[in-house]
Amino acid sequence: MANKEEIIAKAKEAITDFDDELAEEVANEALAAGIDPVELIEKGFTAGMEEVGEKFGQGELFLPHVLAAAEAMNSGIKVITPEMEKRKSQTKSLGTVAIGTIEGDIHSIGKDIVASMLNIAGFKVVDLGRDVPINTFVEKVKELKPQVVASSALMTTTMVNQIQIEEQLKEAGVRDQVKTMVGGAPVTQDWADKIGADIYGESANDAVAKVKAALNV
């Protein structure tokens with residue numbers, strides 16, 4: 001039987017090889033071996049996704065590759081989810097995060113990874129999807145009263161819409177009831193400061209750490 005390091009390495013390989021079946025297989029193997037699902041996702045699947053993302057950024061891989069890698073990751077996570085839900089029901093939720101990719105932007109890879117990691121960390125995550133209208137973010141804040149509302153933008157042309165979230169939350173009178181988080185490839189700490197967002201998530205792990213710090217959990 002493979003040891004933990006080998007199983008985690010295989011999980012990463014399943015993503016970088018865009019192999020759905022291997023991702024499922026390794027997820028089952030990890031559960032049978034008693035490996036912590038969080039560790040498998042962080043060091044295996046997410047590490048693989050980050051490598052694919054870097055190669056995409058350098059022009060070595062293209063969008064179909066990124067989508068195939070995300071598909072493989074979803075196949076693996078599907079297998080592990082019941083075990084994570086079981087564990088989660090034994091611990092109290094750290095809070096609710098509503099997250100979506102901003103209007104005009106159909107990229108969802110980064111947002112999906114952040115949503116998965118927040119979920120694993122113990123937050124209730126409401127995924128609004130991609131190309132989400134600004135007023136949907138505002139309506140969900142009013143309806144769900146989440147602790148955090150997060151928007152991802154993968155293009156400079158759409159990240160300007162993140163200003164609108166700040167403005168419209170103020171207009172609706174709910175800006176002071178929620179923390180706002182922004183992220184995505186062109187987004188920076190300077191941009192977050194400029195528009196008045198509370199949190200800038202540079203990576204999935206960074207986003208989780210900063211949300212926990214902002215909420216003192």
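Colleague: Why is Ala72 called buried?

Modeller: Buried means under 20% relative accessible area, while over 50% is exposed and anything in between is partly exposed, with a 1.4 Å probe and protein chains only. Ala72 has a relative accessible area of 0%, so it counts as buried. By the way, this is a predicted model: local features need pLDDT of at least 70, side-chain atom pairs need 80 or more, and totals for chains, interfaces and linings use all residues. Residues are numbered from 1 along each chain as its sequence is written, and side-chain values use heavy atoms, with hydrogens and water left out.

Colleague: Where is Ala72 found, and what does Ala72 touch?

Modeller: Ala72 sits in helix α4; helices are DSSP runs of H or I with at least four residues, strands are E runs of at least two, and both are numbered from the N terminus. Contact means heavy atoms within 4.5 Å. Leaving aside residues up to four places away in sequence, Ala72 touches Ala14, Ile15, Phe18, Asp19, Asp20 and Ala23.

Colleague: What makes the largest pocket a pocket, and what is its volume?

Modeller: On a 1 Å grid over the protein atoms alone, a pocket is an open set of points with protein on both sides within 12 Å along at least five of seven lines, whereas in a cavity a 1.4 Å probe fits but cannot get out. Points are joined across faces, edges and corners, and the volume is the space filled by probe spheres set on them. For the largest pocket that gives about 950 Å³. Lining residues have an atom within 4 Å of a point. There are 36 of them, and Ile109, Gly110, Leu154, Gly184 and Ala185 are the closest to the centre.

Colleague: Which helix gives the largest share of that lining?

Modeller: That's α3, with six residues.

Colleague: How do the lining residues of the largest pocket divide?

Modeller: Ala, Val, Leu, Ile, Met, Phe, Trp, Tyr, Cys and Pro count as nonpolar, Asp, Glu, Lys and Arg as charged, and the others, Gly among them, as polar. On that basis the lining has 20 nonpolar, eleven polar and five charged residues.

Colleague: Which domains does the lining of the largest pocket draw on?

Modeller: At least three residues come from each of domain 1 (4–87) and domain 2 (96–215). Those bounds come from an automatic or database domain assignment.

Colleague: How much area is buried between the two domains?

Modeller: Buried area is the accessible area (1.4 Å probe) that two parts lose on being put together, summed over both. Here it is about 820 Å², with carbon and sulfur atoms giving 81%.
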